[in-house]
Amino acid sequence: MTASKGGISFSAASGENPDKDFSGNENSGKPRMGMMSMAVSNEYSDLEEDDDEAEDEIDGIDDNDAENGSFGTPPYLKNQAQAGIGSNRKIVKNESNSNLEHNSMISQYGIGAKLLLGMGYKEGQGLGTRKNGISVPIETKLRPQGLGVGGIRERSTKHENDQSSDEEKPKTVTFSKPSYDLFAVIDDLERAGVPVPLHYKELSDSLSAGQTTLEVEQVYTKLSKVLTEVILIDEKAKALRLEIGHIETSLASDKTEQASVESLVNRLKVMGDNLGVTNMTSLLEDLVGEPYSMLPDIQSIFVSYAKAHVTWLFSSIDETAIHTLLQWAVLYRNLATQHLSTVLTPWDSMMLQLLKQAYSEYKGENTGPAYDLRFWLDSPVIIDSPLVEQIAVDETVIPKVKEIIALWDLSSGFDSRILEYLSEYAWDDSLRRHVVDIVADKYQAVFSQFWLDLASLENAWAHYEHEMKPVLEHFCQMGAILIAQYHEKRVDSLKQVMISKLVRFCQETPTDRLLDNLSMILDLQYSFGIVSLMQLEMLMLFTVLNPMIRHLRRLLEVGENPLPLFHTWQAQLASLSRKYPDMEALLLWYTNTAISDMHSFRKNRTFAVPLPSYNHDENPESELELLIQSEGKDNHASTYAFAALDLIVTFKDVVQQLCVQNNAVFQSTLHRDANMNEIWEIKFMDGKTTQCFISGDVLWVHEGLDFVPIDVTELLEFH
């Protein structure tokens with residue numbers, strides 16, 4: 001409801017045009033409040049609205065009436081005006097002084113005073129028909145949210161500046177005195193059972209609303225302190241009563257436990273010490289029932305009585321024993337329902353000790369502890385199987401595996417128990433890796449020691465076949481696969497150790513046993529892949545074949561007959577050529593080289609065919625191990641470095657090999673042409689000869705009075 005020029009008007013209902021009232025007037029530009037917004041005001045809303053209305057009424061001037069020289073009519077006189085009792089203007093003039101008094105009362109007491117004045121009340125009179133009621137309104141104060149007892153209420157009023165709305169508005173702050181609710185404190189003390197002196201109650205009853213004296217303030221402070229102490233004492237009393245309750249409960253529990261223990265002791269005395277399995281089962285059933293199951297050490301008591309029989313049942317395993325152990329384990333589970341999974345139960349601890357004892361006494365091969373432990377871990381006899389398995393692996397299985405590896409004879413084959421232990425249990429990866437490292441160390445020690453032992457033996461090949469080949473077979477089939485699962489690079493490392501020891505062994509081998517070394521080298525590549533094809537060729541050239549030719553040349557130089565040794569070598573090389581067809585060309589080349597050396601030395605006392613070399617060295621002894629380990633990958637090697645599987649050192653060797661394969665002799669003439677090219681002579685099977693020289697990778701053959709270049713494949717057709 002709002003006031004307008006034409007009288008009283010009502011705001012639009014829900015669903016109507018909010019910009020129009022029932023009188024048809026437009027409320028243009030004025031913000032309107034919702035019903036909830038109007039109903040819920042802040043703590044100062046009543047006072048601010050009253051102040052605004054009081055200021056309007058003090059002004060007493062309506063905009064339209066001011067233009068006509070008239071004053072507005074106060075709300076509580078409008079009814080009289082509308083009833084015809086004089087005019088509005090006259091009433092305002094006659095009672096202007098009364099309005100000022102009313103406005104001062106309204107500004108002090110708010111809407112309540114306004115309503116009373118509208119009903120004819122006069123300031124200073126008492127209420128009621130006899131006017132003997134209270135003359136001063138009961139003072140009420142709305143505390144701001146969060147303001148405590150005795151707090152000072154702060155209120156700020158804002159005054160708008162008529163000249164500029166952008167300027168900062170001045171603020172005035174007023175403070176209200178703290179109130180002392182003496183009645184509430186006395187009431188709280190009496191509720192707590194604390195007697196309050198009568199004169200304090202009388203002082204509280206005699207106080208008017210908002211009245212505060214020094215005596216009231218002192219009494220209020222004193223009683224408030226007493227009330228605080230009473231509250232603290234009451235809280236301490238509650239805590240003491242709670243503690244007493246706990247003590248009484250603990251005493252009752254101790255009495256019950258003592259009675260249970262006495263009952264159990266009396267029963268055990270009656271049953272005696274030598275209990276059979278049946279009586280023991282009956283006793284254990286009683287222990288898991290009331291009242292014994294509530295004893296704090298009942299699990300240990302249960303195990304202490306069952307242990308003697310469990311040890312006997314464990315050592316004499318049969319169907320009846322397993323059934324009894326299972327029955328007792330089920331009974332024990334009723335006691336271990338709240339047990340932590342990080343600590344062994346007494347029952348599992350007992351079973352683990354029995355399993356450890358079985359491991360220490362076991363001496364079998366393929367059955368026994370490995371299978372027994374798995375059987376018990378999978379059975380319901382173990383309460384916490386994962387925890388028992390973890391501890392068993394750490395304390396029992398790993399020491400057993402280490403013992404097996406230490407006693408393992410690799411020449412007898414791979415010990416399958418190692419794989420059984422690794423696959424049977426839930427190992428941590430770090431533990432598995434540790435065990436695999438031990439296996440790899442075992443292989444490395446055998447590989448290193450074998451070549452050292454072989455150096456002192458006569459028949460190296462026979463020892464290799466009986467001792468090393470079985471080790472290499474299970475290493476390639478099982479050991480390398482197992483090691484590669486956890487250490488892939490370790491397998492390559494083991495091969496490098498073997499190659500390194502092999503190189504040193506071959507370099508120290510006497511010349512009469514070189515072909516045994518050749519057989520072992522070929523077997524390492526073709527049977528086991530221990531050496532690569534590149535490494536195989538380097539080992540054959542520099543540790544076996546080149547040394548054979550050099551030894552043959554030394555025999556020729558000292559005048560000894562090399563034919564017996566040559567025939568022995570020729571037969572063995574022919575046998576290896578048939579066994580390893582890929583090596584036939586290389587072995588044949590060295591056979592022909594030996595023949596050519598013997599023919600050339602008898603005729604010219606020279607050796608026409610150079611041997612394969614590395615950096616112009618036919619015996620790179622100091623660099624050989626590194627060269628083989630790197631598989632010949634040396635970017636600084638000379639042009640005489642050989643090519644893998646080609647058996648050729650230089651282009652001259654290509655020509656020389658082609659001649660040997662076709663029974664032609666390629667030999668030096670010990671002459672050079674004008675350009676210092678070395679002149680070579682080729683003798684064919686039909687007795688014809690021709691001279692040639694090699695420049696770079698081009699073969700120049702003598703034709704007529706000059707040399708002409710030809711393709712090496714045309715050499716045999718040229719003559």
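Where does I134 lie? It lies in the loop between α7 (111–118) and β3 (154–158). The points below concern a predicted model.

1. **The surface patch.** I134 belongs to a nonpolar patch on the surface.

2. **Helix α12, length and bend.** This helix covers residues 298–315, which is 18 residues. From first C-alpha to last, α12 reaches 26 Å, close to the 26 Å expected at 1.5 Å a residue. There is also a kink of about 50° in α12. The kink is centred on K307.

3. **Helix α12, buried side.** The buried residues in α12 include I298, Q299, F302, V303 and A306. H309, V310, L313 and F314 are buried as well. An α-helix has 3.6 residues a turn, so residues three or four places apart point the same way.

4. Strand β5 (residues 665–672) and strand β6 (residues 678–683) run antiparallel. Six bridges join them. S668 stands opposite W680 in β6. Five residues sit between the strands of this hairpin, and M676 takes a positive phi near 65°.

5. **Salt bridges: E389 and R374.** The structure holds 12 salt bridges. One of them joins the side chains of E389 and R374, at 3.1 Å from N to O. This pair links distant parts of the chain, 15 residues apart. E389 is in helix α16 (residues 385–406), and R374 is in helix α15 (residues 369–378). Both E389 and R374 are buried.

6. **Salt bridges: D415 and R417.** D415 forms a salt bridge with R417. Their closest N and O atoms are 3.0 Å apart. D415 is buried, as is R417.

7. **Salt bridges: R490 and D441.** The side chains of R490 and D441 meet in a salt bridge, at 2.5 Å from N to O. Here too the pair links distant parts of the chain, 49 residues apart. R490 is in helix α20 (residues 488–507), whereas D441 is in helix α18 (residues 429–454). R490 counts as buried because its relative accessibility is 17%, and the cut-off is under 20%. D441 is partly exposed, with a relative accessible area of 41%.

Note on methods. Residues are numbered from 1 along each chain as its sequence is written. This is a predicted model: local features need pLDDT of at least 70, side-chain atom pairs count only at pLDDT 80 or more; totals for chains, interfaces and linings use all residues. Side-chain values use heavy atoms; hydrogens and water are left out. Patches are made of residues with over 30% relative accessible area and no salt bridge: like charges are joined within 9 Å, nonpolar side chains (Val, Leu, Ile, Met, Phe, Trp, Tyr) within 5 Å. Accessible areas come from the Shrake-Rupley method with a 1.4 Å probe; for residues, only the protein chains shown count as cover. A salt bridge is a side-chain nitrogen of Lys or Arg within 4 Å of a carboxyl oxygen of Asp or Glu. Helices (H or I, at least four residues) and strands (E, at least two) are DSSP runs, numbered from the N terminus. The expected span of a helix is 1.5 Å times one less than its number of residues. The bend at a residue is the angle between axes fitted to the seven residues ending there and the seven starting there. Buried means under 20% relative accessible area, exposed over 50%, partly exposed in between (1.4 Å probe, protein chains only). Two strands pair if DSSP finds at least two bridges between them.
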